[in-house]
Amino acid sequence: MFTVDLYRKVRLACAEGMSQREAARHFGISRDSVQKMLAYSVPPGYRRKAPIKRPKLDGFTEIINAWLEEDRGVPRKQRHTAKRVFERLRDEHGFTGGYTIVKDYIREDDRRGREMFVPLAHAPGHAQADFGEAMVIIDGVEQKAHFFAFDLPHSDACYIRAYPAATSEAWVDGHVHAFGFFGRVPVSVLYDNDRCLVAQILPDGTRKRARLFSGFLSHYLLRDRYGRPGKGNDKGSVEGLVGYARRNFMVPVPRFPSWEAFNAWLEEQCRKRQGDVLRGHTETIGTRLDRDLEVMSALPPAPFDACDQASGRVTSQALVRYKTNDYSVPVAYGHRDVWLRGYVDEVAIGCGGDLIARHPRSYEREDVVFDPLHYLPLIEKKINALDQAAPLTGWELPPEFATLRRLMEARMLKAGRREFVQVLRLLEAFELDDVQAAVKTALRMGAIGFDAVKHLVLCQVEKRPPKLDLDVYPYLPRAEVGKTSAASYMCLISEEAR
């Protein structure tokens, strides 16, 4: 292809009187090229005038089109590639052409079938929500984070919050925190058809909402809207926010001591972003956010309780199952019906009107979460199970407790083991620090017994000096100290002493 500079020289020479024949000879080009240069000020580029002819492929295009049409109903990763189409044409239909013309035909067909989009304008007060995924390191453990993304398309203001799993409780909890972050409730929120939100899509297109999500919508008087199934572009603003958050907030891989610290940092990043001016705008995100907030409604007096509700029955091992995992309750509630509340970070268990247990929520499968205190009353009765009790495995107590147990068992044998469990049961009513201080004092005084430790704990809590009567501990070793007379000191001045 000739350069623009050559076009300029040829056009200038001919304009100054040089003939086309002479210009062709002078510049070493054909007269047809000179004519084109005089017709165009710059190289016009190649222009195809007739359609491409594919004589070897024309008889097979209907077969190819049929295969590509069938592919629309199968998973994307199992659709025909250009290479596979070429191989099938060659092996099954005797195609003698080359691979390149098949590849070009499929590429052109794919280009014609690509979807086109209409630019949208977003009114203030409306929102979109979705979940994304990224790898994070929490408390030294690398794991997948499911982050809730909440976007206000009019202002591009956002809120991001991360969770161990994208559960129904996480969806609702993310909304509750987002509403608290902005201080207002949007007019409507656009969603995809996630199973945590939509239990079923009815034949007429209406959605049957999940129970927890339906209660959330009623609490905030919120209008919900949904995109077409499998069409993420219907909520393109929040889809873009998910990618933005992953690229800007999750690179490098975030490393935080806890989920709470990570979410506090994410919230701060969302707040900083409100000072940005995005392409195509002259106002900051925060300035445009004010128009969103003007049309949004006020928060209700109390936030929605973002928890999943369930019921269960306590087993003979004082365990209740929730979401494939077992959680312990006090043994006094064995074989009774209980209710459960599953929050994003904990599981609460109650019986009747009483809350009987709280546990950190586990997102593993078939996990068992114990509270050792729940089993101490039973272990006190079945004292031989003390060393094999699974709920006590891994229970880290201060070293003073091990010393106390060793002394108790040495002096009282089996009875001492039972009294040690009674000392552990003091943790049901008192803080570990107070019981530890009492055990230290008991070891220092040599008062190795449950009654003494209990008395010392009460004195520790009530801030009064202990008054222990060792006469009630007949098993303690005693030292007999006799009275000394003044005459006994005469030996110190005797000849032998000298």
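How much accessible surface does the chain have, and what percentage of it belongs to carbon and sulfur atoms? The accessible surface comes to about 29,900 Å², and 51% of it belongs to carbon and sulfur atoms; such areas come from the Shrake-Rupley method with a 1.4 Å probe. The structure is a predicted model, in which local features need pLDDT of at least 70 and side-chain atom pairs count only at pLDDT 80 or more, whereas totals for chains, interfaces and linings use all residues. Residues are numbered from 1 along each chain as its sequence is written, and side-chain values use heavy atoms, with hydrogens and water left out.

The overall form may be considered next. Along the principal axes, the C-alpha atoms of the chain fill a box of roughly 150 × 70 × 60 Å. The radius of gyration of the chain is 40 Å, whereas a compact globule of 498 residues would have one near 23 Å; this radius is taken over C-alpha atoms, and the globule rule is 2.2 Å times the number of residues to the power 0.38. The chain holds 15 helices and 15 strands, which are DSSP runs numbered from the N terminus (helices H or I, at least four residues; strands E, at least two).

UniProt, in an unreviewed entry, places the feature "domain: HTH IS21-type" at residues 5–68; such annotations may be inferred rather than shown by experiment. Over residues 5–68 the chain is 56% helix and 0% strand, with its end C-alpha atoms 47 Å apart.

Helix α5 comprises 12 residues, 82–93, and should span 16 Å at 1.5 Å a residue; its end C-alpha atoms are 16 Å apart, which agrees. The expected span is 1.5 Å times one less than the number of residues. In α5, A82, V85, F86, E87, R88 and L89 are buried, that is, under 20% relative accessible area (1.4 Å probe, protein chains only). Their cover includes α4 (61–71) and α6 (99–113). After α5 comes G94, with a positive phi near 70°.

In soluble globular proteins, nonpolar side chains tend to be buried together. Here the largest nonpolar core has 57 residues, and F150, I160, Y191, F216, L222 and F262 have the most contacts inside it. A nonpolar core is a set of buried Ala, Val, Leu, Ile, Met, Phe, Trp, Tyr and Cys residues joined through side-chain atoms within 4.5 Å.

Terms used: Buried means under 20% relative accessible area, exposed over 50%, partly exposed in between (1.4 Å probe, protein chains only). Contact means heavy atoms within 4.5 Å.
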